[in-house]
Amino acid sequence: MSIPQAKMELRPLGNTGLKVSSIGFGASPLGSVFGPVAEVDAVATVREAFRQGINFFDTSPYYGGTLSEKMLGKGLKALQVPRSDYIVATKCGRYEEGFDFSAERVTKSIDESLERLQLDYVDILHCHDIEFGSLDQIVSETIPALQKLKQDGKTRFIGITGLPLDIFTYVLDRVPPGTVDVILSYCHYGVNDSTLVDLVPYLKGKGVGVISASPLAMGLLTEQGGPEWHPASPELKTACKAAAAHCKSKGKKITKLALQYSLANKEISSVLVGMSSVSQVEENVAAVKELEDLGMDQETLSEVEAILEPVKNQTWPSGVDQK
Ligand code: NAD
């Protein structure tokens, strides 16, 4: 059985040969981390995303303590389409019980993930939030273990993820070219923080694919605001709330504006947005199409940028001291 799929812009991902949809499906909400999501809704959300042309799905054993991987696995299986029709990324090293980037743990981790996802291989296996481990261990032990998994056919490509941008240069400067295929950065390419842009020429020079996540700043740039656990400062949260309220007062949606801002930069291969319902998929895909047809709403963007100016590029601490 095949599902009729709408056309979506596909962008090359570094030197991998993969072509990922400009908007990628962030599956962390399927782990109920932003609020409960029933299995039937999770499966319907994945189906709608695929139907609308999204071919790239991102998860982790950490999201919802393995729940996100299980839900995504069910959603993908229910599609009943050839495995080569979609691209799946999962991660290793970060778990509900803590961090462990040892070769032994990550080698076991992929088998557990594949079982939950009901897959024989993933397309990308990322080391998840490496600033919480020793970066030297990532270079000397974790990445070599992932290379072995690549040789064994359990993952096609290797990635690293995290919040501080300097972790990427630290690792990429210390591994042979072509070892790390992609990086996943989050909360650094959106209306309130666009600092990832400075790193893009370096990444392109190394042939490393660029994935950017959390265009809605992990929920801050939505009308309902971020979750309880959101690490941003009260000042940043208040400014984002004011920006959302401003858009609402004009009959506009902050989510659309924020997503379009991230998507407009074509050097970023895919923008991962977390989605937990069919209506969110519909809304976000409509934002992609509208951007293609009409471009950005420059007037509202300028107003929102002015509201966010005092907190522009403000981030929060993440990780352990590497010294
Ligand atoms: P996000 O900025 O994409 O925001 C997600 C929140 O916005 C969720 O509550 C979602 O339900 C809501 N939302 C989405 N579309 C909406 C709409 N149209 N209207 C109203 N609300 C809407 O943050 P995120 O989910 O954290 O990031 C996206 C994905 O990127 C994650 O699911 C994950 O797959 C990945 N990610 C990875 C890392 C990492 O590797 N370290 C970190 C962050 C995110």
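Predicted model: local features only at pLDDT ≥ 70, side-chain atom pairs only at ≥ 80, totals over all residues.

**Overall form**

The chain contains 10 helices and 12 strands. Taken along the principal axes, the box filled by its C-alpha atoms is roughly 55 × 55 × 35 Å. A compact globule of 323 residues would have a radius of gyration near 20 Å, and the value of 19 Å for the chain agrees with this. Of the 323 residues, 55% count as buried. Contacts between residues at least 6 apart in sequence join, in 78% of cases, residues at least 24 apart.

**Aromatic pairs**

A pair of aromatic rings is described by the distance of the centres and the angle of the planes. The chain has six aromatic pairs. One of them is formed by F25 and F57, whose ring centres are 5.4 Å apart with 40° between the planes, a tilted arrangement. This pair links distant parts of the chain: F25 belongs to strand 3 (residues 23-26) and F57 to strand 4 (residues 56-58), 32 residues apart. Are these two residues buried or exposed? F25 is buried, because its relative accessible area is 0%, and F57 counts as buried because its relative accessibility is 0%.

The rings of F34 and W229 have their centres 5.7 Å apart and their planes at 50°, so this pair is tilted. Distant parts of the chain are linked here too, with F34 and W229 195 residues apart. F34 lies in the loop between strand 3 and helix 1 (39-51), whereas W229 lies in the loop between strand 11 (209-213) and helix 7 (234-249). F34 counts as partly exposed, because its relative accessibility is 39%. W229, at 44% relative accessibility, likewise counts as partly exposed.

| Residue | Relative accessibility | Class |
|---|---|---|
| F25 | 0% | buried |
| F57 | 0% | buried |
| F34 | 39% | partly exposed |
| W229 | 44% | partly exposed |

Ring pairs also link F99, F101 and F132 into a cluster.

How values were computed. Residues numbered from 1 in each chain as written. Heavy atoms only, no water. Helix = DSSP H or I, 4+ residues; strand = E, 2+ residues; numbered from the N terminus. Rg over C-alpha atoms; globule rule 2.2 N^0.38 Å. Buried < 20%, exposed > 50% of the residue type's maximum accessible area, 1.4 Å probe, protein only. Contact = heavy atoms within 4.5 Å. Phe/Tyr/Trp six-rings, centres within 6.5 Å; stacked < 30°, edge-to-face > 60°.
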